[in-house]
Amino acid sequence: MKKEESYLKSPDLLPIAHKDKKIGTGGFAMMWVGMAVVLAAFAIGGAGVQSLSLTWVVVATIIGTIGIGLFITVIGDIGIEHGLSFPVYMRAPFGTIGTHIPSIVRGLAASFWFGINTYFGATAMNAILNVLFGFDNWFICFLIFATVQLVNTALGIKAVERFADLAAPVIIIISVWMYASLSDQAVAEGREVWAWIESPVTGGAAVTAFLVVIFSNMGFWATISADIPSISRFIKAPKFERSWVKRNKGTLVGSMVALPITQTFMVVIGGVSYIAVSNYDPVVALQEAATGLILGVLLLMIVLAQWSTNVSANLVPAATIFSNVGGPKVPFWAGVFIAGIVGSVVQPWSLFNILIPILLIVGGILSAIVGILFADYYLIRKRRVNVPDLYEQNGQYRYMNGVNLAGFIAWIIGGLAAYFLSNYSFLVGFLVGAGTYYVLAKYWWFKKYKQAELDDPSDEKYLGITVGRDWVIVSGSESQAVQEVGSALDEGR
C-alpha cells in the first residue's frame with residue numbers, strides 16, 4: 001500500500017504552490033513566439049496559397065489560431081487553479097491507472113516530435129559549421145543539439161523561460177528579414193504576393209479550402225491544448241480572483257495574442273516562400289540566394305526555432321508524463337532524458353516521412369481528450385476538484401481497478417470520429433469526446449462511483465487559487481489542503 005501511495009505522490013507531480021509559480025505573462029508569450037516557429041506552419045501557408053489568396057489564408061489562420069488559443073486557455077485553467085499537471089488531472093476522467101494509456105500516447109508523440117525537430121535543427125547546425133569551419137557530420141550535430149536541449153529542459157521551467165526570452169527576439173528579427181527577402185524574390189518573378197494564387201477555386205471549393213486552413217491551424221496545436229496544464233501550473237496568477245479572465249491573464253495573452261500573431265506570420269512566410277520558388281520551406285527558398293554570413297544567420301534561426309519549440313511543446317509535457325508513469329523513481333529530469341532517448345532511437349532522420357503523417361493523425365485523435373477534459377472539469381465538476389484523492393491509491397478516482405470506463409469509451413468514439421473526418425478533426429474530436437463523456441460520466445459512471453465534489457459542490461473545499469488555497473499533499477495516509485485566510489484588503493481585492 002505504501003509503495004503504491006508513494007507512486008502516486010512523485011515529488012515532481014505534486015501541485016505547484018502559489019509562491020512557486022515563476023512564469024510571468026511576458027515570459028509565457030515569449031515561449032509561444034519560440035514554439036510557433038515550426039515547419040508545419042510554413043506548410044500551411046504554402047498549401048493555402050495554392051487555392052486561396054494569401055489574404056484569405058491569413059484570415060483563416062487568425063480565426064483558427066484564436067480558436068485553438070481559447071481552447072488552450074480554457075484547459076490551462078486546470079494548472080492555474082489547482083497547480084496540477086496534465087497526467088495527474090487525467091486521473092479524474094481516466095482513473096489512477098487508466099491515465100497512463102492516453103498520457104503515454106501523448107508522451108510518445110511529443111518524444112517523436114522532439115526527434116524530428118532535433119534532426120532539422122542538427123542539419124542547420126551542420127550547415128553553419130560547414131560554412132564556418134568546413135565541418136560536415138550531421139549525426140554528431142544531432143547528438144550535441146539533442147544533449148544541449150535536454151540539459152536546458154532538465155534544469156527546470158525557469159531555464160526554459162530564460163531561453164525563450166533570449167531566442168524569441170532573434171527569431172522575430174530574422175523572420176522579418178526572411179519575409180522581406182522572399183517578397184523581393186516573388187516580385188522578381190513577377191508575382192504579386194497578396195494577390196497571386198496558383199490554382200484559384202470558387203464557390204463551395206473555396207469555402208472548403210478556407211475551412212481546411214482554419215482546422216489545419218487548430219489541429220496542429222491539439223496536443224498542446226490537452227497537456228497545457230503541465231506548463232500553465234507554473235504561470236503566475238492572483239489569489240482570491242473570482243474573474244476567470246483576470247485569473248487566466250497569463251495564458252490568455254500568450255495563447256490568444258502571441259500564438260495567433262506568431263503563427264500567422266510564419267504561415268505568411270510559408271505562403272510567400274511558395275509564391276517565390278514553389279516551395280513552402282523558406283530555408284530551401286533562401287538557400288538558393290543566400291550565402292556566407294546571411295546563410296549562417298538564417299540557419300541559426302532554424303536552430304533556435306527547433307530548440308525553443310522542443311523544450312516547451314515536447315520535452316516538458318513528455319517528461320511530466322514519463323515521471324507520472326515511473327513514479328518517484330523517475331524525477332522530472334529523468335523523464336526529460338527518457339523523452340530524448342525515445343525520440344532519438346526511432347531514427348527520425350530515416351522515418352520522418354512516415355512519422356509526420358502518423359503524428360498528425362495522433363494529434364487529431366488526441367483532440368477528443370481535450371473535449372473529455374473540458375466536460376469533466378467545467379461541465380461536470382464545475383472546476384471543483386477533490387485534489388488530495390488524485391494522489392490516493394484507494395481514493396475516489398480509483399474507480400474500477402484504477403480505470404474510468406466513461407473516459408475510455410468517449411476517447412475511442414471521439415478519436416474515431418476525428419480520424420474519419422480528418423479535415424475537421426479537432427472540432428469533431430472535441431465535440432464528440434465532450435458530449436459522449438458528459439452523458440456517460442454524469443448519468444452512468446458517477447452514479448456508480450460517487451465523487452465528493454459533486455455530492456458537496458463547495459467552493460471552499462474544492463477550489464484552489466480562487467479561494468486562496470495551496471494544495472499540499474503529505475506522505476501519510478491522508479493529504480491536506482492549506483488555505484490562507486486573510487482579509488480582502490490584505491489580498492489586494
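Predicted model: local features only at pLDDT ≥ 70, side-chain atom pairs only at ≥ 80, totals over all residues.
1. **Arg247, location.** Start with Arg247. Arg247 belongs to helix H13, which spans residues 244-247. Is Arg247 buried or exposed? Its relative accessibility is 1%, so Arg247 counts as buried; the cut-off for buried is under 20%.

2. **Arg247, surroundings.** Leaving aside residues up to four places away in sequence, Arg247 touches Asp77, Ile80, Glu81, Ala237, Pro238, Glu241, Arg242, Arg383, Ile465 and Thr466. The side chain of Arg247 also reaches a backbone atom: the oxygen of Arg242, at 3.5 Å. Two of these neighbours, Glu81 and Arg383, return in the next point.

3. **Glu81 and Arg383.** Side chains of opposite charge can pair when their charged atoms come close. Glu81 and Arg383 form a salt bridge, with 2.4 Å between the closest N and O atoms. This pair links distant parts of the chain, 302 residues apart. Glu81 sits in helix H4 (residues 54-82), and Arg383 sits in the loop between helix H18 (348-380) and helix H19 (387-390). Glu81 counts as buried because its relative accessibility is 2%. Arg383 counts as buried because its relative accessibility is 13%.

4. **Glu453 and Arg381.** The loop between H18 and H19 supplies Arg381 as well. The side chains of Arg381 and Glu453 meet in a salt bridge, at 2.9 Å from N to O. Glu453 is in helix H22 (residues 452-455), so the pair ties together parts that are 72 residues apart in sequence. Both Glu453 and Arg381 are buried.

5. Which residues are joined through salt bridges that share partners? Asp77, Glu81, Arg247 and Arg383 form one network of this kind. Arg247 has 1% relative accessibility. The count for the model comes to 13 salt bridges.

6. **Arg242 and Asp459.** The side chains of Arg242 and Asp459 meet at 3.1 Å, N to O. Again the pair links distant parts of the chain, 217 residues apart. Arg242 is in the loop between helix H12 (229-232) and H13, whereas Asp459 is in helix H23 (residues 459-462). Asp459 counts as partly exposed because its relative accessibility is 25%.

7. **Arg383 and Tyr399, backbone.** Most residues other than glycine have a negative phi. Arg383 has a positive value, near 75°. Tyr399 also has a positive phi, near 50°. Tyr399 lies in the loop between H19 and helix H20 (405-420). Is Tyr399 buried or exposed? Tyr399 is buried, with a relative accessible area of 7%. Arg383 lies in the loop between H18 and H19, and Arg383 is buried at 13%.

8. **H2 against H9.** Helix H2 covers residues 25-35 and helix H9 covers residues 157-188. Their axes come within 8 Å and cross at roughly 55°. H2 and H9 are therefore oblique to each other. H2 passes H9 in a left-handed crossing. On the H2 side, the contact is made by Gly27, Met30, Met31, Val33 and Gly34. On the H9 side, the contact is made by Val160, Glu161, Ala164, Asp165, Ala168, Ile171 and Ile172.

9. **H7 against H8.** Helix H7 (residues 100-133) packs on helix H8 (residues 138-154) at an angle of about 120°, and their axes are 8 Å apart. H7 and H8 are therefore oblique to each other. What is the handedness of the H7 and H8 crossing? The crossing is right-handed. Residues of H7 in the contact include Phe114, Gly115, Tyr119, Gly121, Met125 and Leu129. Residues of H8 in the contact include Trp138, Cys141, Phe142, Phe145 and Leu150.

10. **Gly326 in H16.** Gly326 lies in helix H16, which covers residues 292-326. Gly326 is partly exposed, with a relative accessible area of 26%. The C-alpha atoms of Gly326 and Leu293 are separated by 46 Å. Along the chain, Gly326 and Leu293 are 33 residues apart.

How values were computed. Residues numbered from 1 in each chain as written. Heavy atoms only, no water. Helix = DSSP H or I, 4+ residues; strand = E, 2+ residues; numbered from the N terminus. Buried < 20%, exposed > 50% of the residue type's maximum accessible area, 1.4 Å probe, protein only. Polar contact = N/O pair within 3.5 Å; in protein donor to acceptor, adjacent residues only side chain to side chain. Contact = heavy atoms within 4.5 Å. Salt bridge = Lys/Arg side-chain N within 4 Å of Asp/Glu carboxyl O. Axes fitted to C-alpha atoms, helices over the stretch in contact; angles between N-to-C directions. Parallel < 35°, antiparallel > 145°, perpendicular 65-115°, else oblique. Left-handed = near helix turned anticlockwise from the far one by under 90°.
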